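Subject: Structure handover

Hello,

Here is the structure for your files. My notes on what was found in it follow below.

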Amino acid sequence: MLIAYEDNHIIIVSKRSGEIVQGDKTGDTPLAETVKVYLKEAYAKPGNVFLGVVHRLDRPVWGLVVFAKTSKALSRLNNMFRDGDVHKTYWAITRNAPQAQEGELTNWLVRNEKQNKSYAYEHEVPYSKRAVLRYRIIGHSDNYYLWEIQLLTGRHHQIRCQLANIGCPIKGDLKYGAKRSNPDGSICLLSRRVEFIHPVSQLPVSVTAPLPDDKLWQVLCLTGD
């Protein structure tokens with residue numbers, strides 16, 4: 001487990017692909033439990049350890065996950081995520097290039113619970129939620145493109161779905177149209193940076209995740225801004 005940031009109220013962990021944030025039907029140990037064990041051992045805490053899950057990342061995604069260590073921080077962070085006061089930057093790799101090097105995508109997404117998949121529409125339809133992101137291409141090689149994405153809404157599989165909708169599925173993402181999987185089961189999507197005003201101290205917080213240990217990420221970043 002890699003801790004990217006920690007203070008008395010917040011801990012931010014850089015998640016590896018394959019880890020789940022919260023428990024699910026697989027029964028695999030979730031990241032939240034691993035963090036609890038760390039807090040209990042590091043601070044010799046008796047009894048149950050408090051840890052609030054503020055948001056989630058899909059299992060095959062890499063990058064930053066924010067947890068609250070106190071109930072005060074949890075309540076305030078929940079409000080901040082809901083109100084868009086936490087700014088999240090993602091990096092993604094695709095084989096295809098968008099028509100424009102930068103832009104904004106707006107769709108209405110419908111989540112299919114049974115398939116665990118979202119579908120994008122160009123106009124509002126029943127049960128849909130508006131999804132907006134901004135992107136720019138920040139690096140490329142002969143075969144791949146590196147995207148920087150700012151999420152303006154937080155919808156189920158939003159980046160994966162919206163990029164696939166314009167013919168640019170994320171590398172390794174079979175669910176959304178990639179031609180082949182990555183050897184490690186990951187998809188090339190990274191929660192790269194989180195920025196917010198600390199809910200207790202009121203000081204600015206900016207945390208950046210390390211790159212996945214993969215040559216393609218390293219090569220594309222050398223070509224980027």
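The sulfur of Cys168 lies 13 Å from the closest cysteine sulfur, that of Cys161, which is too far for a bond. A disulfide here is a pair of cysteine sulfur atoms within 2.5 Å, and a search of the whole structure finds zero of them. Cys188 is likewise in no disulfide, the nearest cysteine sulfur being that of Cys221, 11 Å away. Cys168 is buried at a relative accessible area of 0%, and Cys188 is buried at 6%. Buried means under 20% relative accessible area, exposed over 50%, and partly exposed in between (1.4 Å probe, protein chains only).

The model is predicted: local features need pLDDT of at least 70 and side-chain atom pairs count only at pLDDT 80 or more, while totals for chains, interfaces and linings use all residues. Residues are numbered from 1 along each chain as its sequence is written, and side-chain values use heavy atoms, with hydrogens and water left out.

On the overall fold, the chain has four helices and eleven strands. These are DSSP runs numbered from the N terminus (helices H or I, at least four residues; strands E, at least two). The radius of gyration is 18 Å, close to the 17 Å that the globule rule gives for 225 residues, so the chain is as compact as a globular protein of that length. That radius is taken over C-alpha atoms, and the rule is 2.2 Å times the number of residues to the power 0.38. Of the 225 residues, 46% count as buried. Among contacts with a separation of 6 or more, 61% come from residues 24 or more positions apart; contact means heavy atoms within 4.5 Å.

Next, the nonpolar cores. A core is a set of buried Ala, Val, Leu, Ile, Met, Phe, Trp, Tyr and Cys residues joined through side-chain atoms within 4.5 Å. The largest has 56 residues, of which Phe67, Leu77, Ile149, Ile159, Leu163 and Phe196 touch the most other members. Strand β4 (residues 62–68) gives the most to this core, with six residues. Leaving out residues up to four places away in sequence, Ile159 touches Tyr90, Leu133, Ile149, Leu151, Ile170 and Leu189. Another core, of five residues, lies apart from the largest one and includes Leu109, Ala120, Ala131 and Cys161.

Finally, the annotation. An unreviewed UniProt entry lists residues 9–164 as "domain: Pseudouridine synthase RsuA/RluA-like". Over residues 9–164 the chain is 21% helix and 37% strand, and the end C-alpha atoms are 37 Å apart.

Regards

Methods
UniProt positions renumbered as here; feature names shortened; annotations may be inferred.
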